[in-house]
Amino acid sequence: MGSWEQSGHDVRLDWGGEGVAALGRECAVLVVVDVLSFGTTTDLVVGRGGRVLPVRWRDERGVARAKAAGAVIAGEAGFTLRPSSVTEIPPGTLLALPSPNGATLCEAAAETGAAVLAGCLRNASAVAAKSLELGGPVGLIAAGERWGVNIFGAGETFGPLRPCVEDQVGAGAIAAALARLGASLSPEAALAARGVDVEAVAGCVSGRELTESGHGGDVALATQLDVSQAAPVLNEGVLA
C-alpha cells in the first residue's frame with residue numbers, strides 16, 4: 001500500500017508527469033485532464049466522428065510519424081489546438097495534435113500500460129462511466145500548465161509545473177461523476193469533487209489569458225459541462 005499512489009481508493013488524483021509516474025504504478029486507467037485546451041479540442045473532434053493523434057510538444061519525429069500515418073497536423077488546413085478551430089472538422093479526420101500538456105501526458109500515460117482517456121468538462125460524466133467500464137483503480141491526471149512556456153512562440157519546451165484552476169475543476173467534475181457511480185475517492189480527488197466551480201474557469205489566469213488575446217470563444221466551449229457523450233480512449237496511439 002503506497003501513500004504516493006493514494007492506495008485504497010477507487011479514484012485518485014495527481015498532477016502532471018510526476019502524477020502519471022506515481023498513479024501509473026497502481027491505476028489500471030489514467031484520465032488526462034487538460035481543459036484549456038487539448039482535452040476540449042479532442043472531445044470536439046471525437047464527438048464529430050474524428051480521431052486525435054497526440055504528439056509530444058515540439059517532437060519533429062512525432063510529427064513525421066503522424067504525417068506518415070496520414071494525419072492532418074494541427075496548424076494545417078485551419079485546424080489548431082484551439083477548440084473553436086475544430087467545431088466543423090469533417091468526420092473521419094485524423095488530427096495530429098501536439099501540446100505541451102495534454103498530448104505529452106497521454107503518451108507518458110500510455111507508457112505505464114494503463115488504459116488512457118482524455119477528459120474535460122464537456123465530457124466529464126461520459127469519461128467517468130467509460131473509465132469504470134475499463135476497470136480500476138482510476139487515476140485522474142490534472143495536466144496543469146508550465147511556467148515560462150509560450151505555446152505560440154519559441155522558447156523552452158518545459159518549465160516548472162503550474163497547477164491551474166481549469167484542470168482542478170475538470171478533474172473534480174470527473175471525480176464527482178465517478179462518486180455518483182459509487183466509486184470511492186481519495187482525499188485529493190474528493191477535494192476536487194467538492195470544488196467544481198465552472199464559472200471560475202473564465203476568471204482564472206488561463207481563462208483571462210485566452211480571453212484577453214481574443215479567444216474567449218474557446219473558453220466558452222471549454223466551460224460547457226456534460227454536453228458531450230464522447231469518451232476518447234487511446235488505442236494504438238490514437239484517441240477515438
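Arginine 162 is placed over the face of tryptophan 147, 5.7 Å from the ring centre; a charge sits over a ring if NZ of Lys or CZ of Arg is within 6 Å of the ring centre and within 35 degrees of the ring normal. This is a predicted model, in which local features need pLDDT of at least 70 and side-chain atom pairs count only at pLDDT 80 or more, while totals for chains, interfaces and linings use all residues. Residues are numbered from 1 along each chain as its sequence is written, and side-chain values use heavy atoms, with hydrogens and water left out. Helices (H or I, at least four residues) and strands (E, at least two) are DSSP runs, numbered from the N terminus.

- Serine 206 belongs to helix H9, which spans residues 205-212.
- Serine 206 counts as buried because its relative accessibility is 4%; buried means under 20% relative accessible area, exposed over 50%, and partly exposed in between (1.4 Å probe, protein chains only).
- Apart from neighbours within four places in sequence, serine 206 is in contact with Leu36, Glu145, Arg162, Cys164 and Glu166, where contact means heavy atoms within 4.5 Å.
- The count of aromatic pairs is zero. Under the rule applied, rings of Phe, Tyr and Trp (its six-membered ring) pair if their centres lie within 6.5 Å; planes under 30 degrees apart count as stacked, over 60 as edge-to-face and the rest as tilted.

- E2 runs parallel to E6, to which five bridges join it; two strands pair if DSSP finds at least two bridges between them. Valine 29 has alanine 115 of E6 as its bridge partner.
- E2 also pairs with E7 in the parallel sense, over five bridges. Here leucine 30 stands opposite glycine 139 of E7.

**Helix H5**

- Helix H5 covers residues 124-134, and its buried residues are Ala124, Ala126, Val127, Ala128 and Ser131.
- The cover over these buried residues includes strands E2 (29-33), E6 (115-119) and E7 (138-142), together with helix H6 (165-180).
- Glutamate 133 also lies in H5, but this residue is exposed, with a relative accessible area of 60%.
- The side chain of glutamate 133 makes a polar contact with that of lysine 130, at 3.0 Å.
- The C-alpha atom of glutamate 133 is separated by 13 Å from that of valine 31, the two residues being 102 residues apart along the chain.
- Just after H5, glycine 135 adopts a positive phi of about 125°.

**Salt bridges**

- Side chains of opposite charge can pair when their charged atoms come close.
- The structure holds eight salt bridges, each defined as a side-chain nitrogen of Lys or Arg within 4 Å of a carboxyl oxygen of Asp or Glu.
- Arg56, Glu107 and Glu111 are linked in a network of salt bridges.
- In the pair of glutamate 107 and arginine 56, the closest N and O atoms are 3.0 Å apart. Glutamate 107 lies in helix H4 (residues 102-110) and arginine 56 in strand E3 (residues 51-56), so this pair ties together parts that are 51 residues apart in sequence.
- In the pair of arginine 56 and glutamate 111, the closest N and O atoms are 3.1 Å apart. This pair links distant parts of the chain, since arginine 56 is in strand E3 and glutamate 111 in the loop between H4 and E6, 55 residues apart.
- Glutamate 107 is partly exposed at 23% relative accessibility, as is arginine 56 at 25%, whereas glutamate 111 is exposed, with a relative accessible area of 63%.
- Glutamate 212 and arginine 208 meet through their side chains in a salt bridge (3.6 Å, N to O). Because they are four residues apart in helix H9, about one helical turn separates them.
- Glutamate 212 is exposed at 62% relative accessibility, and arginine 208 is partly exposed, with a relative accessible area of 47%.

Terms used
A polar contact is a pair of N or O atoms within 3.5 Å; within protein, one must be able to donate a hydrogen and the other to accept it, and residues adjacent in sequence count only if both atoms are side-chain atoms.
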